[in-house]
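Here are some notes for a colleague going through the model. Please read them beside the coordinates.

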Amino acid sequence: MQASRIGTRLCQRTVHRLVISRFFSAESTAKASSLLSGLSAKLAQSQPMFQVPANDLRILAEPKEFYASLLDMIQRAQDRIFLSSLYIGSGEAELVNALGLALQKNPRLQVHLQLDLNRSTRPGASSTARLLLPLLRAYPNRVKVHLFRSPSLRGLLAKIVPPRFNEGWGTWHAKIYCADNDLIISGANLSANYFTNRRDRYISFTNHESLANYCYGYLSAVSAFSYRLSPSDDPSFPLTPHSYRQEDYNVVWERPDEHPHNINDSFQTALSSFQTTARSSAPQVFDENRVGIFPIIQGGQFNIREEESILNLLFDHLRGVQARPLLDLTSGYFNLYKPYQNLVLSASNVTTRIVAASPKANGFYGSKGVSGRIPEGYTILERRFMELVKHSDSSIQLDQWEREGWTYHAKGLWLSPDAESDPVLTLFGSTNLNARSAHIDTELSFMMVVPSSNEPAVTSANLALRRRLAEEVASIRKHVTPWTGHDRHVRFATPMMLRIVEDML
């Protein structure tokens, strides 16, 4: 009899928990539906749309998990590997060896690398270009390395600006890592600190052919306007006009009828055409049972400003929301682009939490010379922003991220229906949301929308994804403290330096 009563009580408690769980799931779904109503349709009108089951997405938590996943993808690749990054670190012999072993194991495997020219060809034995020469020599028909160079640095400046500073006129900045149809979209580059103690974001997609093909198509469009790397002893790459030899490799320009400093119009046309084609071939109706992924290209120097349009669309949408959403925003280089500042400052119905890197978490902390003042420059920019906050009707909280022995490179935003709910939207990818990302660098980012659904299994998967997004925010905020910028020391000459380089930060 006693056992029967205990069993009855346990059953009643289970039913009670199930009812409560379904109540909160329904409440969370209703809040999400209210916040997102109509937004996905607006996004699909301007951007390509990819629809992914929530169970096919993973949010990686740590640099070491990112690196392990990257190596695993490379080891399993059968047909193609394409990697896009600012550069590959000089010490990444293991990564390059993994590419070599994958090529050796699979005769049909093709490897495509898209990198930034200025960063990858710094003089010396440790450059990215020289690191990749053994692969190019061993597999000349199966490995392609393209190097994008910003056309903004030209003329006399191109000759006198030192290699360490020529990135100030623009870089190739997209971070896409794909093997076959598995992808990782990140803000992290391919070097040791990004694999160990430099905080970033990493979102993994499993076996999504259409999204992988989109990313490959984007890189192919960019590679047509990039230099190609080849060993200096490779007879198949004669030095065409505008090509040159450096150390023991060639940097080959494959558009002999077009000067690399004059590609702005044709490059804009190519990317705009690519995006138009991708949008027209994408689904036009948003499936509420799948997560929406919307790619966003930003190349301000080429007058491609999709990120600005999408953020304007998002904040216009938020103005019509009755509840009080929570916006989490972060950038390792917090020099929020002025139009974005205006959007955040004028969103009086939104609670905004911002995380910036503390000076010690800034990648330039402790650098020699002028670059050692860059963290102080960000302090000045943060002070200016907080002065604007003080005179606005907005609800904005600025915190600083610091973790012993780590630097901070995360970027993006998360949108939640309210302070008690998990995010339903996130912006992720390469953009730092600053003036540099808007005007100078060439970026690829993505907006993810996690919809509500009437199907229990889908609702459960979507809620689990939202929970993982919330955990991502919490893991970042675990290492934040209130902003202390007003108490920091800024040396006398730093404001003068900032006047010169502000839009490069």
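1. L156, L157 and I160 together make a nonpolar surface patch with about 300 Å² of accessible area, where a patch joins residues of over 30% relative accessible area without a salt bridge, nonpolar side chains (Val, Leu, Ile, Met, Phe, Trp, Tyr) within 5 Å and like charges within 9 Å. A salt bridge here is a side-chain nitrogen of Lys or Arg within 4 Å of a carboxyl oxygen of Asp or Glu, and areas follow the Shrake-Rupley method with a 1.4 Å probe, with only the protein chains shown counting as cover for residues. L156 belongs to helix α7 (residues 155-160) and is exposed at 61% relative accessible area (exposed is over 50%, buried under 20%, partly exposed in between).

2. This is a predicted model, in which local features need pLDDT of at least 70 and side-chain atom pairs count only at pLDDT 80 or more, whereas totals for chains, interfaces and linings use all residues. Residues are numbered from 1 along each chain as its sequence is written, and side-chain values use heavy atoms, leaving out hydrogens and water.

3. H242, in the loop between β10 (227-231) and β11 (244-246), has a positive phi near 75° although it is a residue other than glycine, and it is partly exposed at 30% relative accessible area. E247, in the loop between β11 and β12 (249-253), likewise has a positive phi, of about 50°.

4. Ten of the 14 residues of α11 are buried, so this helix is largely enclosed by the rest of the structure; among them are I310, L311 and F315. Helices (H or I, at least four residues) and strands (E, at least two) are DSSP runs, numbered from the N terminus.

Key: Buried < 20%, exposed > 50% of the residue type's maximum accessible area, 1.4 Å probe, protein only.
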